[in-house]
Amino acid sequence: MAGSGVAQLREPSAALIRVEDLVVDFPLPGRRKVHAVSGVSFDVYPGETLGLVGESGCGKSTTGRAVLQLPRPTSGKVIFDQVDLTKLGGEELRQKRTELQVIFQDPISSLYPRRTVSDLVTEPLSIWGIGTRSEREDRARAMLAEVNMDYDAVGWRRPYEFSIGQCQRISIARALMLNPRLVVCDEPVSALDVSVQAQIINLLQDMKRRHGLTLVFISHDLSVVKNVSDRVMVMFLGKVCEVASADRLYTEPAHPYTRALMLASIGASKALVGGGGVKMMPNPETDAEKQTEMPSSITPPSGCRYRTRCPHAEKICAEVEPVTRRVGDDHYVACHFPIGAPLSEDARQLAADGGGAGSAAGRAGG
Amino acid sequence: MGARRRVREVRPTDGPLLEVEDLRTYFETRRGLVKAVDGVSFELIAGRTLAIVGESGSGKTVLSRSVMGLLPQRNVTREGRVRFAGLDLVGAPEHELRELWGDQIAMVFQDPVTSLNPVVRIGRQITESLRHHVGMSRSEARAAATALLRSVGIAEPEQRLRWYPHQFSGGMCQRIVIASAIACGPQLLLADEPTTGLDVTVAAQILDLLQRLQHERQMSMILVSHDLGLVAGRSDDIIVMYAGKVVEKAPTATLLSDTRMPYTEALLRSAPRLTDGSHRRLPTIPGAPPDPSDYPAGCRFASRCAYAQPRCAEEEPPLRPGAVPEHTYACWYPVGTPHGAEALELNRAGGAVG
């Protein structure tokens, strides 16, 4: 699990964004480096929402930012609308960036505190010299109205005068001023209360529909991701674990890590869930994640990066890195011993040779 | 820990461990008097877990600090009664409170990284209360700290005692904070948003840990959170707060199955759930909480409530009992009653609710 592979990629010509074998390393003193993202591939069709889930440090934000070339990835391709962004020069990239926008987690710190809302929201247009001052204001008025804010009442105010939910609305309005095609939402609701969170999620869905947006939605909250996404990619320590359609991933998680994540959030709201829809009964014997720390992204484990925490890990997991492969309709997993799906080719080979995978084979079958 | 010398022995009482009666906590600010906690009463039976739930600004954090007596000295009015194991905490001199803090009542704060001193080795931070309250020697305290670290699931505790907080992850820091909170074997543990800011898997581990420790040590616990879903599986009783007041209070199962207060219902509904299909439109609560220095007359939730009728804006609903005696709620048109259904129908017909 937690492997590389490109099985989850679909028709290249139909994708709005296609990321191939993305690698992002951050250098450390002494020739060491942080392997933040190591060989991640995915694509997003126009109008689709891809959810990226995982714990902190799994590389989901770095992946989202590498798509925007913030910073440029170490290697790999980011093909947006048939153009590889990693190959573009500074000015060409700047031109292209108008079509790619981002919404950050902390709306208060992502809005410059000394500017008025009017300045903040019209700035993208001013930079590109679009329209006259009054045209820009009209556009800001219309966009703020779409996020349920009144330009005449809020335009002259500054960010600190607003609640965190209102600041997030302003950020959304600003991100959409240039009619982007792809918006990367990096934990946009994580800092919000449940009631405000619901408002912002609904707003994002409305805006997506109205403006024909394609979204990459990053969050550590599985239920939020399920609500907004068409497809979900689960990441662990810079690798892909599982990719599937949202409903399928949650009813039939194949990767042990996906299951562990879901059990953690179901455990949190056991009383509210009641079981319907999600086929998950915790099994204390097979579900006990090894209570170890998140492995280091400076010296990641060999083979599958999840193996040090995985309850199903066998010898082969330390030796051979699993690659993504298809286990169902639009369902891809990178694991030697997935839940409710056949073993990987490598694990099967080993089992046939009478290796250590025998017991796991029995378990996966049962 | 047989040879413990307690500075003060708190006798167990027959009644509830903690009784809070009509507690009010007001802050004088430039905007006026902020009524953060405005007449809150509850009891906590020994060995149980009470969850306090509400949005930001509902007063839940101030309530937990007010119960403990951890408030600034100036510009604060604190009235009402807080009795802990027979001791009156409101008006108690600080030196008496100091004997209780960390010893009988301990607190775990939201941000584990800032609640540890960054330049002091964690071993000393954990043993501080043991040395102070129990009067342990250095080596006794060291042994106790090792055992504590092990009990909160930190491997190689002997070496880790010499580490500084920055060498640990957020989840590990929270374990260390918990270890130091339970060091003296408190009777009451207050946990204020103990898992906010932690990852789901880590949060689940921390809550499991708290539950286990509570069980093993027969502690009582107050769990403060904005997430009703999170505390639902982990508490015996729940208090829902809105605008400084308790609006509903019930045993957890009753609160979830027999919700009466429209605010509780709205909170439950607005969280996305794993069991719902994707792209489900989330029900939201319109508007924003009222200004804490200028509450409206009548029910404070009325302007955002789907059930609200003219009476709600005029008369403040008192807390009244539900089907079981432990269940109380403050609403004129409660959810799940003919009265409430009628009110909702009336509002729907009038187009007030979408």
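**The interface between two domains**

A: Three salt bridges are counted between domain 1 of chain B and domain 2 of chain B. This is a predicted model. One salt bridge in it joins the side chains of B:Glu55 and B:Arg304, at 3.4 Å from N to O. That distance meets the rule, because a salt bridge needs a side-chain nitrogen of Lys or Arg within 4 Å of a carboxyl oxygen of Asp or Glu.

The bounds of the two domains come next. In chain B, domain 1 covers 18–241, while domain 2 is made of 243–272 + 284–349. B:Glu55 and B:Arg304, the pair named above, meet through their side chains. Between the C-alpha centres of domain 1 of chain B and domain 2 of chain B the distance is 29 Å. To the contact, domain 1 of chain B gives 24 residues and domain 2 of chain B gives 23 residues. Together the two domains of chain B bury about 1,900 Å², with 54% of this area on carbon and sulfur atoms.

Polar contacts are counted as well. Across this interface, 13 residue pairs are in polar contact, both residues being at pLDDT 80 or more. On the side of domain 1 of chain B that touches domain 2 of chain B, at least two residues each come from strand E2 (32–44), helix H8 (228–232) and strand E9 (237–242) of chain B. E2(B) supplies the largest share of that side, ten residues.

Conventions
Residues numbered from 1 in each chain as written. Chains lettered and ligands numbered in written order. Predicted model: local features only at pLDDT ≥ 70, side-chain atom pairs only at ≥ 80, totals over all residues. Heavy atoms only, no water. Domains from an automatic or database assignment. Contact = heavy atoms within 4.5 Å. Buried area = accessible area lost by both parts, 1.4 Å probe. Polar contact = N/O pair within 3.5 Å; in protein donor to acceptor, adjacent residues only side chain to side chain. Helix = DSSP H or I, 4+ residues; strand = E, 2+ residues; numbered from the N terminus.
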